[in-house]
Amino acid sequence: MSAAPAERDEAWRREAVLGNYAERPLPTPPPVVRIWSYADRLSYAPGDILRLSVCTNAARHAVEIVHDGVSPRTVFRTEDLPGAWRDTPDDCSVNGCGWPVSLEVPVGADWPSGGYIIRTSAREDGRGEDMHEHFFIVRPKPGGDRRGRILLVAATATWTAYNDWGGSNHYQGFCGSAGDRFSPVLSILRPLARGFVSLPPDAPRAVLTDHPPIMAEPRYPHMEWAYANGYSKKYMSSGWASFERHFVLWAEREGYALDIISQTDLHQQPDLLEGYACVALVGHDEYWSWEMRDAIDAYAERGGRIARFAGNFMWQIRLEEEGRRQVCYKYLARAEDPLMQSGPRHLVTESWEAPEIGRPGAASFGLNATHGLYASWSGCSPRGAKGFPVYRPGHWAFAGTGLYYGDVLGASARIFGYEVDGLPYEIRGGLPFPADPSRVPDGLEILALGLSATIEEGPTIVPGRSFLGVEDGEYVASVLTGRSDAAAVEATKRGSGMIVHFPRGRGEVFHAGTCDWIMGLTLRDEMVMQVTRNVLNRFLG
């Protein structure tokens with residue numbers, strides 16, 4: 001893989017950052033071999049049947065299923081399967097591809113809970129070869145012993161939101177009357193875009209590794225790399241490869257026992273939490289349903305402990321068709337979400353801080369995205385600390401680190417960004433406190449605090465060329481103040497990213513509100529790893 005050359009012209013860079021170059025199937029088979037696949041669900045229990053749909057212009061293809069981890073293990077393989085090219089509707093992102101089932105695979109009773117990669121591959125002499133990767137989760141066996149095991153809830157709703165295979169997701173797309181709008185409705189019955197399941201080790205992250213030079217216009221290296229190398233523009237925003245996999249590999253090497261479920265499992269089967277002393281949430285974890293929050297809140301109230309090493313708790317979603325469709329109108333919710341008219345309004349799919357929802361994100365996890373958002377990339381503190389400035393080093397989470405007041409945790413591993421969660425705060429005696437204690441859980445302590453922003457703003461921002469624009473800043477202002485004018489944006493555009501801890505019922509919550517905490521584990525930052533061990537070991541009892 002190669003980085004995008006410095007000499008690329010402005011038009012090329014503009015397309016890499018602002019264009020929509022998602023994978024889309026062609027109406028007729030191309031001359032070279034192509035192959036894609038998808039499964040009928042996000043997760044399975046041992047004994048379930050996985051139904052795989054495949055589209056390829058090769059005469060024959062192979063399917064391999066691998067249990068991913070420190071020592072990947074092939075659990076299923078078959079070759080010489082007949083190939084078929086499938087008609088794919090233009091609205092496949094919204095309504096699914098509709099391909100017939102090509103293969104049924106029983107999920108083995110001996111397949112442990114975890115993440116599994118489906119690799120479909122094909123090759124033909126003179127036409128080349130191709131391979132596609134899809135992903136699914138095996139849930140823990142019913143009635144198993146949960147003692148001493150961590151339950152990881154993978155952020156699959158965020159995976160769905162960012163997956164741009166077919167051309168549309170919750171960010172860009174070919175929807176709306178002009179055919180240029182994101183889709184508020186997405187189907188899981190489509191392939192995962194390239195980069196969501198695996199990545200080369202040199203794939204750039206969104207958080208910048210180097211300080212931009214003086215008076216430099218913002219650049220977006222990960223998007224330029226994606227465009228140059230044929231990966232999804234959103235590979236670094238979500239997916240197994242960029243987030244959960246980093247935590248799983250580290251936890252395995254550290255000797256932690258780990259089970260995994262999807263967010264759809266949490267929504268549909270909250271009893272899966274029973275018996276676990278610790279539930280972990282990691283990476284970019286942006287989209288939740290009301291039912292998911294009910295499940296996790298009840299778990300903490302009855303004594304469960306939540307370790308959230310994740311950022312950007314922002315949007316309410318609804319799941320439909322038994323979890324096969326995800327709905328989130330986001331910025332358009334007040335004008336277009338049908339529930340704004342018909343009700344119930346508390347299920348409208350917009351920010352949790354919206355008054356019609358009445359359930360601030362901080363009520364569950366102590367922090368929220370509307371008081372946080374962007375850090376350490378683009379034009380949002382690109383030369384910032386890239387770690388958490390520490391204010392309360394005496395807290396048990398920092399035991400054994402040697403951290404001092406004012407030290408920056410995780411800066412060398414660049415754990416602070418690219419999206420973070422915060423709170424309104426005030427400084428008293430050199431320490432941060434919630435500005436309005438009535439709006440956060442009782443007993444919440446702010447342990448560390450860094451700066452963030454809702455917009456790219458600075459002397460080198462060129463209108464029409466920056467990625468973020470003003471949409472996020474105006475939306476956050478409208479949610480927090482009821483207005484989106486310049487004065488409201490000015491009052492709300494500065495946010496924070498925090499580490500907090502608080503008791504919740506008979507349980508407790510630790511929240512490091514950043515997407516890239518996992519990079520402190522992958523890059524083996526000793527202090528970040530020690531904090532993570534402190535939290536997990538305490539919560540496991």
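Thr 401 counts as buried at 10% relative accessibility, where buried means under 20% relative accessible area, exposed over 50% and partly exposed in between (1.4 Å probe, protein chains only). The structure is a predicted model, in which local features need pLDDT of at least 70 and side-chain atom pairs count only at pLDDT 80 or more, while totals for chains, interfaces and linings use all residues. Residues are numbered from 1 along each chain as its sequence is written, and side-chain values use heavy atoms, with hydrogens and water left out.

Thr 401 is located in the loop between strand 18 (388-389) and strand 19 (408-409); helices (H or I, at least four residues) and strands (E, at least two) are DSSP runs, numbered from the N terminus. A polar atom of the Thr 401 side chain lies 2.6 Å from the backbone oxygen of Phe 398. Leaving aside residues up to four places away in sequence, Thr 401 touches Met 527, Gln 530 and Val 531, contact being heavy atoms within 4.5 Å.

Val 531 is among the buried residues of helix 14, which also include Val 528, Leu 536 and Phe 539. Helix 14 (residues 526-540) has 15 residues and spans 21 Å from its first C-alpha to its last, close to the 21 Å expected at 1.5 Å a residue; the expected span is 1.5 Å times one less than the number of residues.

Salt bridges (a side-chain nitrogen of Lys or Arg within 4 Å of a carboxyl oxygen of Asp or Glu) number 42. One of them joins Glu 254 and Arg 524, with the closest N and O atoms 3.7 Å apart. Glu 254 belongs to helix 5 (residues 240-254) and Arg 524 to the loop between helix 13 (517-522) and helix 14, so this pair ties together parts that are 270 residues apart in sequence. Glu 254 is partly exposed at 26% relative accessibility, as is Arg 524 at 42%.

In another salt bridge, Glu 320 meets Arg 325 at 3.4 Å, N to O. Here Glu 320 is partly exposed, with a relative accessible area of 29%, whereas Arg 325 counts as buried at 17%. Glu 79 and Arg 77 also form a salt bridge (3.0 Å, N to O); Glu 79 is exposed at 52% and Arg 77 partly exposed at 43%. A network of salt bridges links Asp 294, Asp 297, Glu 301, Arg 359 and Arg 504.

Note on methods
Polar contact = N/O pair within 3.5 Å; in protein donor to acceptor, adjacent residues only side chain to side chain.
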